[in-house]
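Please keep the sequence and the structure at hand while reading.

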Amino acid sequence: MSASAQAGRLTPATALPPGMSEASFGAFIAALADALGPAAVATDPATLREFRDPFAYRGDDRRDYSAVVSPVTTGQVQAVVAIARAFGVPLWTISQGRNNTYGGPAPRVRGSVLVNLRNMNRILEINRELAYVVVEPGVRWSDLASALAADGGQLWTSVPDFGWGSVIGNSLDNGIGYAPRGDHAANLAGLEVVLPDGSVLRTGFGAHPGNPAWHAAPRGFGPSVDGLFLQSNFGIVTQAGYLVSRTPEAYAACQFDFRGYDALATVIDVLREEMLTGVVTNYPTLFRGVERTEGELVMTPGSDGWAGRCAFYGTLARVQTDIATARDRLGTGAGIDLDATIFAGDDLAGPASHDERVQRGIPAVQLGDPDKLPFGPNFAHLDHAVVVPQLGSAVAAAERLITAHYAAREFPLTGGILLRGRSALVISSTFFDVSDEAMTASAYASYEDLVEAFAAQGILPYRTNLDNMDAVAGHLSFGEDALPRFLRTLKDALDPAGIIAPGKSGIWPSPA
Ligand code: ADP
């Protein structure tokens, strides 16, 4: 159904933008439909429902959208921003909107209009020589992985667990993968951004028309502003350069397991040294609550067993040497055996388990059979991910805090630790049933308590869900809130009416 046809038939349940009458909302929708074509604008309940936070209580209407608009060009994004500014309507952007556990595609402000970039999904360039790509926001990890394989397989990319999210959305939100380029935000190499005033900014050497080094030398000349568009609400990113890796001659997937906090602290320290000396070049992951049963590693929430994985890449000789070094150090340092399986670097069919595949840049499709999940189709999880220095003592202390927190609550503790060399992401996950209001509220309350318990120890999450952004930002108080004040000054200068994603990362414009 066309947007203009829809606009006259809004049901009372439809969330209107804050302070807007039905009549001016109708005019706003008509203006969008005129600019982008009616098929690009939707207000029907079924479409709006598709973009709910899947991990919010089913009856929660605090984040309902008023409309969804799906531009496919930078010019159309500019038009959407101009119309939203003229009518004073808040927007919220998604690339794929699979940011599940952090709010999925949902906005902070009820009645916002979703700028859905799923259909703006071209891979604009694959640069084989310099190992980068240029992508639009809707390009998914699975699209990029397949395109690189189809392009001759000389390049590959780090991916998160699931292939359905986008390269740009995940990277802008500081998402992570498990390969040597697993710090996805660090791979962003030159952004094109639509600013709240409607102008199009290109960062770095992108500001110099025709400069061929834009994506090869992302900082360019002068102050580097790329970081201002990460986890922020200063603009809408419409394309990005993205660094990828050369396919190695050999790839090895390794696993190991151990038990208890003491071994955990040793493993963290040994792996830090392996990473800082360049033996381990990927992002190893440790999973808590795993038991070795008849040779198989089995998830067993509550157990003090751990499973770990890491990987090696390079010439066959180098991979063999690195495995031997790592095996020796983990064996001598922590009494741990390392199991290694070596594949040809270009063998995409050999790696079979998720661990083997994801460290080689082969993402899983998406969540498997819902009937196999706890709570079936009502399954949801809240992940709490704090950043601690990669010191055995610091990680073990974080683990003790988490274990005590969960022991005092109804939820079993799951999750793990991602190692980045100098820092570790300690991730605890709570599973709950989104059709159960009390259980959902209790999961969110538990999360909030955990944020405060860690903040009291001087530790914060690197990313958080929509409900907790203000609370986390509220802890950035050094220098009489100098950082939040700086960000608000920028917000007021760039977007005084708060059109772009108000509230993202706790950044709001000053009251009018
Ligand atoms: P994914 O594609 O991994 O599912 P999302 O689309 O959910 O990621 O985006 C993750 C976060 O980044 C969201 O908070 C979203 O608002 C923000 N974001 C996503 N795409 C853009 C973009 N193109 N420009 C600005 N912010 C974006």
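## The second largest pocket

In this predicted model, helix α14 gives the most to the lining of the second largest pocket, with five residues. Both α13 (469-473) and α14 (478-494) supply at least two residues each to that lining.

The space in the second largest pocket comes to about 660 Å³. Its lining is made up of 31 residues, of which Q231, A473, L476, L487 and S505 are the closest to the centre. Sorted by class, the residues of this lining divide into 16 nonpolar, nine polar and six charged.

Rolling a probe the size of a water molecule over the atoms shows where empty space is left. Across the whole structure, the search finds two cavities of 30 Å³ or more. The largest cavity has a volume of about 70 Å³, and the residues that line it are F51, R52, D53, A56, D60, R62, R63, D64 and A106. By class, this lining has six charged residues and three nonpolar ones, with no polar residues.

The second largest cavity has a volume of about 40 Å³, and its lining consists of L382, D383, H384, H405, Y406, S428, T430, S446, Y447 and L450. At least two of the lining residues come from each of β18 (379-389), α11 (392-407), β20 (423-433) and α12 (437-455). The lining of the second largest cavity has five polar, four nonpolar and one charged residues.

## Helix α9 and its buried side

Helix α9 covers residues 316-334, which makes 19 residues, and reaches 26 Å from its first C-alpha to its last, close to the 27 Å expected at 1.5 Å a residue. The buried residues of α9 are V319, D322, I323, A326 and L330. These residues cover an arc of only 105° around the axis, which puts them on the same side of α9. An α-helix has 3.6 residues a turn, so residues three or four places apart point the same way.

What covers the buried residues of α9 includes β12 (250-259), α8 (261-276), β16 (305-314) and β17 (339-344). The face of α9 turned away from this buried side carries D328 and T332, which are exposed. Just after α9, G335 takes a positive phi of about 65°.

The buried residues in α8 are A263, L264, A265, V267, I268, V270, L271, R272, E274 and M275.

The elements against which the buried residues of α8 pack are β12, β13 (285-288), β16, α9, α11 and β19 (414-419). Just after α8, G278 has a positive phi of about 80°.

## T403 in helix α11

Is T403 exposed, partly exposed or buried? T403, which has its place in helix α11, is partly exposed, because its relative accessible area is 31% and the partly exposed class lies between under 20% for buried and over 50% for exposed.

Leaving aside residues up to four places away in sequence, T403 touches Y261 and L413. The C-alpha atoms of T403 and W508 are separated by 35 Å, and these two residues lie 105 residues apart along the chain.

Definitions and conventions
Residues numbered from 1 in each chain as written. Predicted model: local features only at pLDDT ≥ 70, side-chain atom pairs only at ≥ 80, totals over all residues. Heavy atoms only, no water. Helix = DSSP H or I, 4+ residues; strand = E, 2+ residues; numbered from the N terminus. Expected span 1.5 Å × (residues − 1). Buried < 20%, exposed > 50% of the residue type's maximum accessible area, 1.4 Å probe, protein only. Arc of directions from axis to C-beta. Contact = heavy atoms within 4.5 Å. 1 Å grid on protein atoms, 1.4 Å probe; cavity = no way out; pocket = protein on both sides within 12 Å on 5 of 7 lines; lining within 4 Å. Points joined across faces, edges and corners; volume = space filled by probe spheres on them. Nonpolar A, V, L, I, M, F, W, Y, C, P; charged D, E, K, R; others polar.
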